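Below are some questions and answers on how parts of a protein model pack against each other.

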2 protein chains.
Amino acid sequence: MNIPAHSARPLNVAVVGATGAVGVEIRQCLEESGLNLGEVRLLASPRSAGQKVPFAGGELVVQALDENSFHGIDYALFSAGSGISKQYAPAAVAAGAVVIDNSSAFRMEEAIPLVVPEVNPQAIPAKPGVIANPNCVAIIATVPLAALERRHRIRRLNIATYQASSGAGAAAMEELRAATAAYLAGEAYPPRVMKHPYAFNLFSHDAGINPDTGYNGEEEKVVEETRKILARPDLAISITCMRVPVLRAHTMAISVEFEEVVSPEAVKALLADAPGVRLVDDWAANHFPMPNEASGQGDVLVGRIRRDIGDPSGRSVALLLAGDQLLKGAALNAVQILQRLVG
Amino acid sequence: MNIPAHSARPLNVAVVGATGAVGVEIRQCLEESGLNLGEVRLLASPRSAGQKVPFAGGELVVQALDENSFHGIDYALFSAGSGISKQYAPAAVAAGAVVIDNSSAFRMEEAIPLVVPEVNPQAIPAKPGVIANPNCVAIIATVPLAALERRHRIRRLNIATYQASSGAGAAAMEELRAATAAYLAGEAYPPRVMKHPYAFNLFSHDAGINPDTGYNGEEEKVVEETRKILARPDLAISITCMRVPVLRAHTMAISVEFEEVVSPEAVKALLADAPGVRLVDDWAANHFPMPNEASGQGDVLVGRIRRDIGDPSGRSVALLLAGDQLLKGAALNAVQILQRLVG
C-alpha cells in the first residue's frame, strides 16, 4: 500500500465520478476536511475530461478515468455507479490505493467492511483494500439507531422514507426543477430521467421490483445494509421507500420496537448525546426535522420522539429523521471514513 | 324535515363554504351526481357574496351565510371549518335540513354518524339530523381497509402519510405554487399560510401537537375516526402524518397486521372486488399509486401489495394508497352520502 504514516507526507487522493452530484460534494468535503492533501486527482468519463473545477483556491482539470489512473494514489473515492466500481476498483487496489466505494458493488460482500464511522468504526481493518460506503438511507438511519441499539436491543424497525431526487443523481435533481417549472408554466414535460412525472408528484422508489418479493432494490439495500452495519443479521425491518419532490435531503418516519419497554424520554436522552445527531424536536413550535434544514448539514436531524401508540406493549418509540443524502448519505460519510483511516 | 319522498320533487341543496377548495369540488360533484336538483344555494362569507359561478350550464350567485340561509333547504353540505359548522349547523337543522358536515366539529360525538358510504352505510339513521363526513386520510384509508376487515379481522395498522397541500385549503395550494415559483426564480418567499417553507420541502403535519402525547391533531383524528368508521374502538394504530409538496392527492404507506396469516394474494383479490378501489399494482413497470394519477379520480388507488417482511409471523401485508383529498377525501364522499340519503 502507498499509505504514508500518519501525517508523514501529504495524501494523494483520487475522486472517481468527480463531476457527479456526489463527486461535487466529495470535493467540497475534502476541501473542508483538514486533511493534509497532496495531489487531488479528479477522474470522470471522457465526456467530462478537460473540465476545469475550482479546488482549494486553485483549479483542477478533470481527467479521463482509465486502468492507469491510480498510479501514486493513496486513497481512491469512487462515486460513479456500480459498473465503474467493479471495473476500476481492482486497478486502484492493484496500484496500492485504498478504495472507498460509494456504489453498491461490494457492500454485501462478506469480506468488505460497510462503514458508518459513528456506528461501526471497528469494522475498518488494519490493512484495508476496499471499504464500502453504505446506501444513503442506511447511513442516515443507522447514525441515530446505533446510539439506541448500544443501550437497548432493537427487535424491529418500521421505516417509511421520503427520499429526495439527489439519490438518483444530478440529472434527476435537474429534472425535478425543470418538470416543476414546466408545470407552473402550464407546459408538458415528458419524464426523461425518472419513470414518472415528478412535478408536485411522488412515487414508489424507481429501483426495480424483485418479482419474488415485491420489494424494490432500494428497500432490499436498506434492509441488508442496516443489518450489516448494526451487526444484527436477524433484525426485522418493515420498509417502504418513496421518492418525493424534494431536492437533496432524505426524511424517514421510523418506529423502533425494542426488546424491552423504553420511554421516549430515554430515547431522547440517548440521541441528545449521540455523535452525528442533532435533536430538532420543538413540540410547541411544530418544528421537527425537515429536508430544507437538513440540506447542507452533516448531522442527522431527529425529532417527533414519542411513544408509538400502535404498540400497546410500550416497547415502541416513533421518530422522524432528516439527513442530507449527498453529504452524510454519501460524500461526507466517505470522507469521514478517509479521516478515520488516516487518523 | 323537508326531505321529499324519493324523487318526488327536486331537492333543494345548500353548499356552505361554496368558494373554498372543497366547495368548488362539491359544486362539480353535485353537477355530476345525477341527483334531481331544485335550488342549489351557494353560501359563503360576506367577502365572497355576490360572486357569480357557473353551475349546470347556468350561473349561480354566492350568498352571504347567516342564520336565515336555510329556509326551504333539504340538504346542507357544510365545508367552511369547524367554527362555521358549530355556529350554523343548528340553524340548518332547525330549518328542517339534513346537514352533511365536512368539518371535524361533530365527528366524534357519539350520536353523530361518521360515514363512508362504501364502508358503513348502515350508520346512516332513518331520520338523520347531522351526518359527519370524516377526515380525508380516514376516508381514503378505510375504503380499502374495510374490504379487508370484513373478511379478516385487523389487529393493527401502521400508517405513514404523504399529504397534499389541498388538505390545508386553497390558500395552501396557492402557497405551494407561489413558493416553488419563487424558489426556481431564486427569490425569497416567506411562508404565509403554512408554518414552514413549502418549496421542494416537506414537514410534519401542521396541526398542533398534543403536549400529553406528542401526536398532532391530524394524527389524533385519523386514529379516532378510523376506529369509529370501522366500528373497531380497540384497533391499534401507529401513525405519522406528513405534509409533502404535492397539490391535491394524499398517499399512504400502510402495513396491515391481521389476527391470522393472510397472503398478499388474498388481499389483492379482496381489493380487486372492493367498491371505490382501483388496483394499480404493476411490478414490472414500477407503476403504483401516485398522487398525480389519483387527482381527479373518485376511486382510491391501491398497490404495492406485498408481505410485510418486518413481521415474520406472516400476519402483515404492506400496501400503498393514493386518493384525491378534495374528491373522495371530502366533496365526493359528502355527495355520495347525500345520494345514499336520497335513495
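**Helix packing and the chain interface**

Q: At what angle do helix α3 (residues 136–149) of chain B and helix α8 (residues 327–342) of chain B pack, and how are they oriented?
A: In this predicted model, where local features need pLDDT of at least 70, side-chain atom pairs count only at pLDDT 80 or more and totals for chains, interfaces and linings use all residues, residues are numbered from 1 along each chain as its sequence is written, chains are lettered from A and ligands numbered from 1 in the order written. Side-chain values use heavy atoms, without hydrogens and water. The axes of the two helices (DSSP runs of H or I, at least four residues, numbered from the N terminus; axes are lines fitted to C-alpha atoms over the stretch in contact, with angles from 0 to 180 degrees between N-to-C directions) lie 8 Å apart, at an angle of about 90°. That makes α3(B) and α8(B) roughly perpendicular (65 to 115 degrees).

Q: Which residues of α8(B) make the contact with α3(B)?
A: Contact means heavy atoms within 4.5 Å. From α3(B) come B:Cys136, B:Ile139, B:Ile140 and B:Val143. Their partners on α8(B) are B:Lys328, B:Gly329, B:Ala330 and B:Asn333.

Q: Which residue of chain B forms a salt bridge with A:Arg304?
A: Chain A and chain B share four salt bridges (a side-chain nitrogen of Lys or Arg within 4 Å of a carboxyl oxygen of Asp or Glu). For A:Arg304, the closest N and O atoms are 2.5 Å apart, and the partner is B:Glu219.

Q: How many residues of chain B are in contact with chain A?
A: Chain A brings 62 residues to this contact. The number from chain B is 62.

Definitions and conventions
Angles under 35 degrees count as roughly parallel, over 145 as roughly antiparallel, 65 to 115 as roughly perpendicular and the rest as oblique.
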